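Reader: I have not looked at this structure before, and I would like to learn how to read a few of its features step by step. Could you take me through them slowly?

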2 protein chains.
Amino acid sequence: MLTENRTSSDFRHQVKIFADDDVMPLDCGAGLAALGVAYRTYGHLNAARNNAILVCHALTGDQYVAETHPLTGKPGWWESLIGPGRMLDTNRYFVICSNVLGSCMGTSGPGSLNPQTGQVYGLDFPVITIGDMVRAQKKLIDALGIAQLFAVIGGSMGGMQVLEWAASYPDSVFAAVPIATASRHSAQNIAFHEVGRQAIMADPDWRGGKYQEQGVIPRRGLAVARMAAHVTYMSEGALHEKFGRALQQGDRPSYHFAADFQVESYLHHQGSSFVERFDANSYLYLTRAMDYFDLAAAHGGNLAAAFSGSKTRFCVVSFTSDWLFPTPESRALVKALNAVAGNVSFVEIDSDRGHDSFLLDLPEFDKILQGFIEGCASIRGLAPGDNSQGGMPRHGE
Amino acid sequence: MLTENRTSSDFRHQVKIFADDDVMPLDCGAGLAALGVAYRTYGHLNAARNNAILVCHALTGDQYVAETHPLTGKPGWWESLIGPGRMLDTNRYFVICSNVLGSCMGTSGPGSLNPQTGQVYGLDFPVITIGDMVRAQKKLIDALGIAQLFAVIGGSMGGMQVLEWAASYPDSVFAAVPIATASRHSAQNIAFHEVGRQAIMADPDWRGGKYQEQGVIPRRGLAVARMAAHVTYMSEGALHEKFGRALQQGDRPSYHFAADFQVESYLHHQGSSFVERFDANSYLYLTRAMDYFDLAAAHGGNLAAAFSGSKTRFCVVSFTSDWLFPTPESRALVKALNAVAGNVSFVEIDSDRGHDSFLLDLPEFDKILQGFIEGCASIRGLAPGDNSQGGMPRHGE
């Protein structure tokens with residue numbers, strides 16, 4: 001449970017702090033000093049420093065990918081995939097996950113202190129992009145002494161980061177797995193994000209973004225934003241199967257405006273629990289970064305140009321019932337990669353769980369990912385268990 | 001432009017007021033005294049009183065179906081279909097449209113005065129259902145001396161009313177046209193409605209529903225609710241075609257949180273203009289009525305039983321890109337009607353405009369509706385222009 005005045009510095013995250021004079025340029029034109037990047041690692045970096053896998057988290061995810069979350073007490077969001085003997089075997093790979101720029105779990109964001117004023121940034125934090133997030137990750141990877149990542153993997157906003165990595169630092173990415181994502185945010189997705197932002201900014205407790213200084217939290221607005229978003233993460237079929245029209249009590253409506261249907265109660269829970277773990281301003285910044293993502297526009301309107309000459313091996317994954325990032329978005333990616341003779345495999349996985357399928361333990365997904373990673377490891381010359389001579393510490397296991 | 005303390009009685013709607021002791025029973029168990037039903041009619045009722053068409057409006061629609069709206073100054077929402085020589089030819093048919101129970105354009109609703117207290121109802125207004133809306137319409141139709149409607153037509157929530165009419169008063173409906181609707185509200189649709197309700201109730205200006213008495217309006221919450229709903233009324237394709245990722249100004253993002261994309265500006269306009277014409281509490285009541293709609297549940301879990309023995313002729317219409325009330329919902333209706341040897345035709349119309357297709361002037365839709373109505377008129381023995389001897393006044397032309 002968070003206190004009203006929490007900031008990300010309340011938690012003892014593992015954070016790489018860059019020097020005050022090491023100003024990172026941002027796409028908006030501003031620069032960011034005293035950058036902090038919070039991250040977790042699992043396994044050891046091998047002597048050749050070529051077994052690192054960067055996992056990129058989604059909008060409201062964080063770096064606690066393979067261990068108990070320090071705030072919620074829940075298992076890591078991909079804990080079933082990452083660990084000793086698991087698909088991303090930490091006896092073999094050095095798995096890194098960093099909190100994205102703009103988020104609220106230790107990496108610099110609107111809830112951080114502005115070194116120029118000593119006050120919480122709030123809306124004075126510069127508006128950031130997916131490109132900026134990846135630039136910050138690159139600084140971390142450089143600091144860890146890794147010239148090339150064996151793989152970059154992520155779903156949704158994490159998938160956008162994967163694509164940005166492959167486009168901006170092709171020589172630093174041996175294999176890329178963009179999952180349930182797109183090369184640009186659609187008009188409909190921008191619209192849904194804007195609904196969420198308006199809900200937050202409509203809450204009087206948002207205080208023009210200065211709620212932290214004033215000791216409040218825009219709880220109601222943030223909860224509404226989360227509820228709206230959560231509906232888009234699930235398929236109609238999943239909601240029907242999970243709740244249908246079942247009432248909270250009995251089989252007769254209660255004829256009031258409290259949660260009468262189970263699906264309403266579920267949404268309320270999603271909203272209220274989100275407020276306990278996520279920062280409202282970070283929600284504004286990260287949704288905005290997704291809205292601005294348009295890889296083709298950044299390459300003269302030609303998506304294929306983003307991957308021209310790339311040697312990276314891609315595995316593009318979509319899910320049949322994902323209506324937020326539907327399969328045609330992935331097909332457009334594959335088409336662009338094919339146009340530049342890229343090395344790409346594509347799988348649309350049959351799932352009725354909607355966009356959130358990438359967070360679930362789906363056997364077909366596991367099989368696809370494992371096959372791709374095994375194949376790439378073989379090409380890269382990564383024998384099982386060859387990270388025994390690594391010098392990087394093991395965390396979170 | 002509305003004043004802060006508006007009530008529906010501020011407008012001189014055409015309203016049928018029922019006697020104080022003529023208490024209408026409601027599905028929730030309560031009764032409603034001093035019921036008022038605001039309505040508009042177009043054309044004349046013929047001597048045989050068999051040429052009346054009831055048009056049922058959707059969630060935020062109203063009775064001004066074929067004439068300039070008194071608040072917005074915009075054309076009636078189906079004005080292109082209704083009028084002399086038009087598809088629903090007012091030289092031939094007597095078209096009736098009434099404001100639904102619980103709404104805010106003259107019919108009894110949460111913004112009406114409670115006759116027991118002399119105060120605005122607010123949340124003391126009983127929670128109503130689609131069945132209650134139709135019960136109120138039936139009282140109006142009875143008062144107009146019409147034993148059987150030639151046709152009942154409506155889309156979305158209007159389509160739910162059509163189905164309720166056909167199920168509850170089969171002998172009073174010669175032909176029924178449920179458009180872009182369903183026999184029950186899905187879990188996903190309930191979820192989207194709940195997001196809107198939560199946005200309204202989260203607004204401090206909602207004041208527990210007593211905002212009218214306190215001289216305020218929950219503008220921000222109602223606008224967010226409308227924005228969220230509006231996204232669901234359009235298809236992804238329509239949003240992409242209309243706005244894509246076009247910015248408000250130039251081709252470079254402005255990197256702020258005001259409306260930067262055109263789709264955001266459009267949504268803001270939808271939200272703010274809605275607040276000027278619609279009542280927040282009515283929005284709560286009408287969305288709730290839709291959520292509770294489940295025709296099968298009201299007939300022992302068997303949808304077909306709702307139409308058993310019905311002689312009504314049905315024309316069920318859906319649109320390809322409507323993801324709020326997708327075609328399978330219409331197919332379920334057709335299947336149920338087939339199971340009881342009902343008289344039903346079904347058309348899925350190719351449209352990329354999403355749920356709101358039923359409000360647009362689509363040639364294929366017009367053709368289908370015209371063919372069905374013409375055929376039914378022929379069977380009913382309604383010759384063109386035979387309403388010349390009618391005694392009901394003509395309004396709104």
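Author: Let us begin with an idea that is needed for packing: two residues are in contact if their C-beta atoms, placed from the backbone, lie within 7 Å. Please keep in mind throughout that this is a predicted model.

Reader: Which residues in H9(A) are buried, and how are they placed around the axis of the helix?

Author: A residue is buried if 20 or more other C-beta atoms lie within 10 Å of its own. In H9(A) this holds for Phe365(A), Leu369(A), Phe372(A), Ile373(A), Cys376(A) and Ala377(A). Seen down the axis of H9(A), these buried residues fall within an arc of 135°, so they line one face of the helix. The face turned away from that buried side carries Pro363(A) and Ser378(A), which are exposed. After H9(A) comes Gly381(A), with a positive phi near 80°.

Reader: Which residues have a positive phi although they are not glycines, and where do they lie?

Author: One of them is Ser156(A), with a phi of about 60°, placed in the loop between S9 and helix H2 (157-168) of chain A. Another is Ala180(A), at about 45°, in the loop between S10 and helix H3 (187-202) of chain A. Ser156(A) is buried, with 27 other C-beta atoms within 10 Å, and Ala180(A) also counts as buried, with 30 C-beta neighbours inside 10 Å.

Reader: How do S11(B) and S12(B) run, and what do they make with helix H8 of chain B?

Author: Strand S11 (residues 313-319) and strand S12 (residues 343-349) of chain B run parallel and are joined by 7 bridges, with Ser318(B) standing opposite Glu348(B). Together with helix H8 (residues 327-339) of chain B, the two strands make a right-handed β-α-β unit.

Reader: What rotation superposes chain A on chain B?

Author: In general, two copies of a chain are related by a rotation about an axis and a shift along it. Here the rotation is 180° with 0.0 Å of shift along its axis, and chain A superposes on chain B with an RMSD of 0.0 Å. The two copies are thus related as by a two-fold rotation axis. Furthermore, 100% of the interface residues of chain A are also interface residues in chain B, so the copies meet through the same surface.

Methods
Residues are numbered from 1 along each chain as its sequence is written. Chains are lettered from A and ligands numbered from 1 in the order in which they are written. This is a predicted model: local features need pLDDT of at least 70, side-chain atom pairs count only at pLDDT 80 or more; totals for chains, interfaces and linings use all residues. A residue is buried if 20 or more other C-beta atoms lie within 10 Å of its own, exposed if 12 or fewer, and partly exposed in between; C-beta atoms are placed from the backbone. Helices (H or I, at least four residues) and strands (E, at least two) are DSSP runs, numbered from the N terminus. The arc is that of the directions from the helix axis to the C-beta atoms. Copies are superposed by least squares on the C-alpha atoms of residues with pLDDT of at least 70 in both. Two strands pair if DSSP finds at least two bridges between them. A crossover is right-handed if, with the strands pointing away from the viewer, the path from the first strand over the helix to the second runs clockwise.
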